[in-house]
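Please look over the sequence and the structure shown here before reading on.

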Amino acid sequence: MPKPRSGKPLRSPLEREIRDSFQTRKRVFIGLITGSSVFLCVFIALLWVIPFVGLTTIHPLAPWILGFITAALILAIGWAALALVLNILLGRPVLFAKRLRGVTVKLFLPLMTLLGRLVGIPKQTVRASFIKVNNELVRGEGHRYPADRILLLMPHCIQNSRCKFRLTYDIDNCKRCGECALAGLLDLRDKYGVKLAVATGGTIARRIVVQHRPKIIIAVACERDLASGIQDTHPVPVYGILNSRPFGPCLDTDVALEQVEWAIKEFSA
């Protein structure tokens, strides 16, 4: 049986599929995060070089103090980028970098999106790459949680558009007719004891997170909503699963239930 770099055997074809999908995305992420960190370091260096002459009029040591601060910032950014790339390549935290997910979420994603736009990489590709890498970082933390502290957060578009029952405030209004994936998700909730909620947008999603106070979120959505949700809920870890859109965005979307079940098993204690 093939083994990942961590040395642990891949436990199922589904995990191999998830791993292969990650491999196809990580090159984009590594390239963008490297470019973003170089851009940021050059920008910081310019902040020191440009006013260098003028600072001497304040104090003879002022340029060197600013230079020291600038060098420290450049080293910190370079360390974070290198540690993150090594984490991606090796599949485990390195260089004492167990908190890199926060740096990625808050700093690198906006820069990566801007850089991707400049070099012609679509936003959706950047976001998908970010989601895949975020998932690996969440898994790399190695934490497991009580089932009742795991929240399955679904988009409202996963509900059949012809359904007359409103599920946003009470998921148990679902009659489990099987016309959409919610019946299967409810079965997973009952089987494993996790929590399940449906959100109509970012504001409702944040309210649900505050109400349930989960330790981890397994979220299903499109690239845009997952990327913004990962940012909004930080530091709560989010494992993102892309929905399928046979009828286009925001209408009768679907999700592979076996991926959701695999994620539940992966993170439940």
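In what order do the four strands of the open sheet stand? The order is β2-β1-β3-β4, and the pairing is parallel, where two strands count as paired if DSSP finds at least two bridges between them, and where helices (H or I, at least four residues) and strands (E, at least two) are DSSP runs numbered from the N terminus. The edge strands, each pairing on one side only, are β2 (195-199) and β4 (238-242), and from one strand to the next the twist averages 20°. This is a predicted model, in which local features need pLDDT of at least 70 and side-chain atom pairs count only at pLDDT 80 or more, while totals for chains, interfaces and linings use all residues. Residues are numbered from 1 along each chain as its sequence is written, and side-chain values use heavy atoms, with hydrogens and water left out.

Strand β1 (residues 150-155) is mostly covered, six of its six residues being buried, a word that here stands for under 20% relative accessible area, whereas exposed stands for over 50% and partly exposed for what lies in between (1.4 Å probe, protein chains only). In a regular strand the side chains alternate between the two faces of the sheet. Both faces of β1 are covered, with I150, L152 and M154 buried on one side and L151, L153 and P155 buried on the other. Five bridges join β1 to β2 in parallel, and P155 stands opposite A199 of β2; towards β3, β1 pairs in the parallel sense over four bridges, with I150 opposite I216.

Strand β3 (residues 216-221) in turn pairs with β4 in the parallel sense over five bridges, and A219 has G240 of β4 as its bridge partner. Helix α5 (residues 123-140) packs on the sheet and touches β3 and β4, contact meaning heavy atoms within 4.5 Å. The direction of α5 makes about 140° with that of β4, as angles run from 0 to 180 degrees between N-to-C directions of lines fitted to C-alpha atoms, for helices over the stretch in contact.

A further element to find is helix α3 (residues 62-90), which holds A71. A71 counts as partly exposed because its relative accessibility is 36%, and A71 lies 7.8 Å from A45, C-alpha to C-alpha, although the two are 26 residues apart in sequence. W64 also lies in helix α3, and W64 is exposed, with a relative accessible area of 56%.
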